[in-house]
Amino acid sequence: MKETPVNRIMESTLEKMREMVDTSTIIGEPMVTGDTTLIPVSKVSYGFTSGGTDLPSKQNKELFGGAGGGGISITPVAFIVIQNGKCRMMQINNYTSSADRAIAMIPELLDKLTELLDAKNADKEETAE
């Protein structure tokens, strides 16, 4: 690919954006409070643009005009909560529908069903002895 001023603008813009965002931006550093560990989870959106043109000139053939820019949005969306050996996700955003809320409750429901079944199996084993 031919090296042009537009390429340099794009590379510079992307490099600056890479410096601002890394994996610890999406999954944050764990925070420990007592027996509970909280791990923040964020959504990262970004976009960039650049462009340019060679300007017509009789005197200097290498006149160039160009620009580049970018934007980043980091939005916290949830926390992973680890407590008493159990892991669950607590969403921050509001649910847009009942279906969204029901889907978000599935992991907690499965944990409760597992606890109930484990308790029933333990009772059966005690009565069998």
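Q: Which residues does Thr-36 touch, not counting residues up to four places away in sequence?
A: Thr-36 touches Met-31, Val-81, Ile-82 and Gln-83. Contact here means heavy atoms within 4.5 Å. Before we go on, this is a predicted model, where local features need pLDDT of at least 70, side-chain atom pairs count only at pLDDT 80 or more, and totals for chains, interfaces and linings use all residues. Residues are numbered from 1 along each chain as its sequence is written, and side-chain values use heavy atoms, with hydrogens and water left out.

Q: Thanks! Where does Thr-36 lie?
A: Thr-36 lies in strand 2, which covers residues 36-54. Helices (H or I, at least four residues) and strands (E, at least two) are DSSP runs, numbered from the N terminus.

Q: And is Thr-36 buried or exposed?
A: Thr-36 is buried, because its relative accessible area is 12%. The cut-offs are under 20% relative accessible area for buried, over 50% for exposed, and partly exposed in between, with a 1.4 Å probe and protein chains only.

Q: What does the side chain of Thr-36 make a polar contact with?
A: The partner is the side chain of Gln-83, at 3.0 Å. A polar contact is a pair of N or O atoms within 3.5 Å; within protein, one must be able to donate a hydrogen and the other to accept it, and residues adjacent in sequence count only if both atoms are side-chain atoms.

Q: Let's zoom out. How many helices and strands are in the protein chain?
A: The chain has three helices and four strands. Along the sequence they follow the pattern α-α-β-β-β-β-α.

Q: What order do the strands have in the sheet?
A: The order is 1-2-3-4 in an open sheet of four strands, with antiparallel pairing. Strand 1 (31-33) and strand 4 (86-91) are the edge strands, and each pairs on one side only. Two strands pair if DSSP finds at least two bridges between them.

Q: How many bridges join strand 2 to strand 3?
A: 19 bridges join these antiparallel strands. As an example, Thr-37 has Ile-82 in strand 3 as its bridge partner.

Q: And how many join strand 3 to strand 4?
A: Six bridges join strand 3 (residues 64-83) to strand 4, and this pair is antiparallel too. Ile-80 stands opposite Met-89 in strand 4, and Gln-83 has Lys-86 as its bridge partner there.

Q: What do strand 3 and strand 4 form?
A: They form a hairpin with two residues between them. Asn-84 sits in the loop between these strands, and has a positive phi of about 55° although it is not a glycine.

Q: Is Asn-84 buried or exposed?
A: Asn-84 is exposed, because its relative accessible area is 61%.

Q: How about Ser-42, buried or exposed?
A: Ser-42, in strand 2, is buried, with a relative accessible area of 15%. Leaving aside neighbours within four places in sequence, its contacts are Thr-25, Ile-26, Ile-74, Thr-75, Pro-76 and Val-77.

Q: Changing topic: how many salt bridges does a search of the whole structure find?
A: The search finds one salt bridge. The term means a side-chain nitrogen of Lys or Arg within 4 Å of a carboxyl oxygen of Asp or Glu. Lys-86 forms this bridge with Glu-115, and the closest N and O atoms are 1.9 Å apart.

Q: Which parts of the chain does the pair link?
A: The pair links distant parts: Lys-86 is in strand 4 and Glu-115 is in helix 3 (residues 98-128), 29 residues apart. In general, side chains of opposite charge can pair when their charged atoms come close.

Q: How accessible are Lys-86 and Glu-115?
A: Lys-86 counts as partly exposed at 37% relative accessibility. Glu-115 is partly exposed too, with a relative accessible area of 41%.

Q: Last one: what share of the protein chain do buried residues make up?
A: Buried residues make up 12% of the 129 residues, and Thr-36, where we started, is one of the buried ones.
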